[in-house]
Amino acid sequence: MLIKKTLIPLALGGFGIGMTEFVMMGILPDIATNLKISIPEAGYLISAYALGVVLGAPILVGTLANRPPKSVLIWFMILFTAFNALSAFSPDFHLLVISRFLAGLPHGAFFGVGAVVASRLADEGKVAGAVATMFAGLTIANIIGVPAGTYVGHNFSWRFAFLIVAIIGLLTVISLKRWVPHIDANSSASVISDMKIFRNPDLWLALAITSIGTGGFFAWFSYIAPLLTDVSLFAPRSIPLIMAIIGVGMTVGVILGGKLADKFAPIKAITILLATMSILLALNGLLASSQYVMLCLAFTTGATAMALGPPIQMLLMQHSKGAEMLGSSLGQSGFNIGNATGAFLGGIPLTLGYSYSSPQWVATGLAISGGILSMIMLVKSPIRSPSRGLARGVP
């Protein structure tokens, strides 16, 4: 199926964002060696980026909600490009932490505004599919960009990976200017009026599901490279290939997630996916010594995690009527709270001297906790299909 031309810039931006976020997991040992820090300390770079996403999404979107979405997306990508270039040239660990935080600021804001733009450009009944197209760029980054960045990081310098991201950001700016049509701004939007969505308890529950449930995935993914080399005993040169396998799984998963969210209630899809991910994460901990099993789990775990993306975005947009850009951006805040907490909590058993299999049990606990919250919402909420009429309801 051909992608609409107007959606290509969103997918390209998603590609750059996916590469800068996930390549860190593949080059974590290289950064640690180069900067003479431990791997758990290097994990703070993941948390710094995630914190930037969490803070940047609501602040930037709330501040610019009454501006034309196209111009907002262009400015977000200019910031993204500049701060990733700064990451490439950071001379020490402390400045790298700051640059990763700054690079994360426009991440969630871009996805939040981009999801609403995609819904406006979507055909009737295919809103989640259009949103999934943007997320597909993120997952394709894990097939091409992350393995390439990991290879470059292993064999040349981790700094080149961030330079590549900066180039992709620049190309995104150009494509946004040329291919995304003008969309009228929501002149009635304001920070004060948009903040009213936080009165909705279901929005907070949806955010908790996102933050805690996806934390399981990130506790797994943050330490996937040392898990594969130290426990599964893969050669370091095999890691880029395995990252590509994870990326293929992610791409398959986000397409599946888009179809599920267009046909079924988002909360129902989320509940099933979190239950499945809990089982897969536990298997990662139990069977990490088997290389063949780990290859299968790399694909299926990545697929299940990314399948959560479209239904979570649709769920948040359902519960943020009148401020869909802010609500949608909160999805990335939630994902990256999960990123930060997953990386941090997953690193605790490592600092206590346990093996690289130990983060998998932290990951399993987080996914189960998110699943319990989603079951609570499933029981208390009416079952709704999100796509019908949603595109026309977005400001």
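Modeller: A definition to start with: a crossing of two helices is right-handed if the near helix is turned clockwise from the far one by less than a right angle, and left-handed if anticlockwise. Keep in mind that the structure above is a predicted model.

Biologist: How is the packing of two helices described?

Modeller: Two numbers are used for packed helices: the angle between their axes and the distance between the axes. Take helix α2 (residues 39-64) and helix α3 (residues 69-88), whose axes come within 12 Å and cross at roughly 150 degrees. An angle over 145 degrees counts as roughly antiparallel, so α2 is roughly antiparallel to α3.

Biologist: Is the crossing of α2 and α3 left-handed or right-handed?

Modeller: α2 crosses α3 in the right-handed sense.

Biologist: Which residues meet between α2 and α3?

Modeller: From α2 come Y49, L60, V61 and L64, and from α3 come V72, F76 and F80. Sorted by class, the residues of this contact are 7 nonpolar, no polar and no charged.

Biologist: At what angle do the axes of α1 and helix α4 cross?

Modeller: The axes of α1 and helix α4 (residues 93-121) cross at roughly 160 degrees and come within 10 Å. That angle makes α1 roughly antiparallel to α4. The handedness of the α1 and α4 crossing is left-handed.

Biologist: Which residues make up the contact of α1 with α4?

Modeller: On the α1 side they include P9, G13, I17, E21 and L35, and on the α4 side they include F93, R100, H107, F110 and F111. The classes in the contact of α1 with α4 are 12 nonpolar, 5 polar and 2 charged residues.

Biologist: How far apart are the axes of α1 and helix α5?

Modeller: The axes of α1 and helix α5 (residues 127-141) are 6 Å apart, and the two helices pack at an angle of about 40 degrees. This makes α1 oblique to α5. The α1 and α5 crossing is right-handed. L10, A11, G14, F15, G18, M19 and F22 of α1 touch T133, M134, G137, L138, I140 and A141 of α5. Here the residues divide into 9 nonpolar, 4 polar and no charged.

Biologist: Several numbers in that α1 list are three or four apart. Why do residues three or four places apart point the same way?

Modeller: An α-helix has 3.6 residues a turn, so residues at that spacing point the same way. In the α1 contact with α5, look at L10, G14 and G18, or at A11, F15 and M19.

Biologist: Let us follow one residue. Is F15 buried or exposed?

Modeller: The cut-off for buried is under 20% relative accessible area, so F15, at 15% relative accessibility, counts as buried. F15 lies in helix α1 (residues 8-35). Beyond its neighbours within four places in sequence, F15 is in contact with G137, L138, I140, A141, I144, G145 and I168. F15 and L138 are 123 residues apart along the chain, yet their C-alpha atoms are separated by 4.4 Å.

Biologist: How many aromatic pairs are found in the whole structure?

Modeller: There are 11 aromatic pairs. One of them joins F22 and F217, with 6.4 Å centre to centre and 75 degrees between the planes, and is edge-to-face. F22 belongs to helix α1 and F217 to helix α9 (residues 201-221), so this pair ties together parts 195 residues apart in sequence. Both F22 and F217 are buried. The rings of F110 and F111 have centres 6.3 Å apart and planes at 80 degrees, so that pair is edge-to-face as well. F110 is buried, with a relative accessible area of 0%, and F111 is buried, also with 0%.

Biologist: Which residues do ring pairs link into a cluster?

Modeller: The cluster consists of F22, F217, F218, W220 and F221.

Biologist: How many residues of helix α14 are buried?

Modeller: In helix α14 (residues 309-318), 10 of the 10 residues are buried, so the helix is largely enclosed by the rest of the structure. Among them are G309, Q313 and Q318.

Conventions
Residues numbered from 1 in each chain as written. Predicted model: local features only at pLDDT ≥ 70, side-chain atom pairs only at ≥ 80, totals over all residues. Heavy atoms only, no water. Axes fitted to C-alpha atoms, helices over the stretch in contact; angles between N-to-C directions. Parallel < 35°, antiparallel > 145°, perpendicular 65-115°, else oblique. Contact = heavy atoms within 4.5 Å. Nonpolar A, V, L, I, M, F, W, Y, C, P; charged D, E, K, R; others polar. Buried < 20%, exposed > 50% of the residue type's maximum accessible area, 1.4 Å probe, protein only. Phe/Tyr/Trp six-rings, centres within 6.5 Å; stacked < 30°, edge-to-face > 60°.
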